[in-house]
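Trainee: I'm new to this one. Can we go through it together, step by step?

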Amino acid sequence: QVQLVESGGRLVQAGDSLRLSCAASGRSFSSYAMAWYRQAPGKQRELVAAITTDGKTVYADSVEGRFTISRDNAKNTLYLQMNSLKSEDTAVFYCAAGSVDGGRSYYSRGLMEYWGQGTQVTVSS
């Protein structure tokens, strides 16, 4: 099985930038599609961004142009660079891994096999 550990979440001000990291254990990181999800209090979990095994990316409309998802297979690490943060970005961010290379519609269903514990991002306005 794959173990995922997120890091980098903290309190920041609106307009700031922040980079989240997700460290994966195991020998098969490069064979998994990876994604970031987030969940705010009282709201459903939602897709933020995803990246396939061959590097194709998808983004939620709310973060398009502000966030960038990337992966370093040699380091078994997934990243989410967040710029121009807004108060509505406040949420617990989760890293996830799955065996399917899909598109936005697929990843929005949250059908991933492995999940991290999450890291809190708080943006003050």
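Trainee: What share of the contacts between residues at least 6 apart in sequence joins residues at least 24 apart?
Mentor: Keep in mind that this is a predicted model, where local features need pLDDT of at least 70, side-chain atom pairs count only at pLDDT 80 or more, and totals for chains, interfaces and linings use all residues. Residues are numbered from 1 along each chain as its sequence is written, and side-chain values use heavy atoms, with hydrogens and water left out. A contact means heavy atoms within 4.5 Å. Among contacts in the chain between residues at least 6 apart in sequence, the share joining residues at least 24 apart is 60%.

Trainee: In what order do the elements of the chain run from the N terminus on?
Mentor: Helices (H or I, at least four residues) and strands (E, at least two) are DSSP runs, numbered from the N terminus. The chain has one helix and 11 strands. Reading from the N terminus, the order is β-β-β-β-β-β-β-β-β-α-β-β.

Trainee: How many of the residues, in percent, count as buried?
Mentor: Buried means under 20% relative accessible area, exposed over 50%, and partly exposed in between (1.4 Å probe, protein chains only). Of the chain's 125 residues, the buried part is 44%.

Trainee: Why is the pair of Tyr 32 and Tyr 114 called edge-to-face?
Mentor: Rings of Phe, Tyr and Trp (its six-membered ring) pair if their centres lie within 6.5 Å; planes under 30 degrees apart count as stacked, over 60 as edge-to-face and the rest as tilted. A search of the whole structure finds three aromatic pairs. In the pair of Tyr 32 and Tyr 114, the ring centres are 6.0 Å apart, and the pair is edge-to-face because the planes are at 90°.

Trainee: How many residues apart are Tyr 32 and Tyr 114?
Mentor: Tyr 32 sits in the loop between strand E3 (18-24) and strand E4 (33-39), while Tyr 114 is in strand E10 (residues 114-115). Tyr 32 counts as buried, because its relative accessibility is 15%. The pair links distant parts of the chain, and the separation in residues is 82.

Trainee: What angle lies between the planes of Tyr 106 and Tyr 107?
Mentor: Both of these residues, Tyr 106 and Tyr 107, are buried. They form an edge-to-face aromatic pair, 5.4 Å centre to centre, and the angle between the planes is 75°.

Trainee: Which residues is Tyr 106 in contact with, leaving aside its neighbours within four places in sequence?
Mentor: Tyr 106 lies in helix H1 (residues 104-108). Its relative accessibility is 19%, so Tyr 106 counts as buried. With those neighbours left aside, Tyr 106 is in contact with Val 100 and Leu 111.
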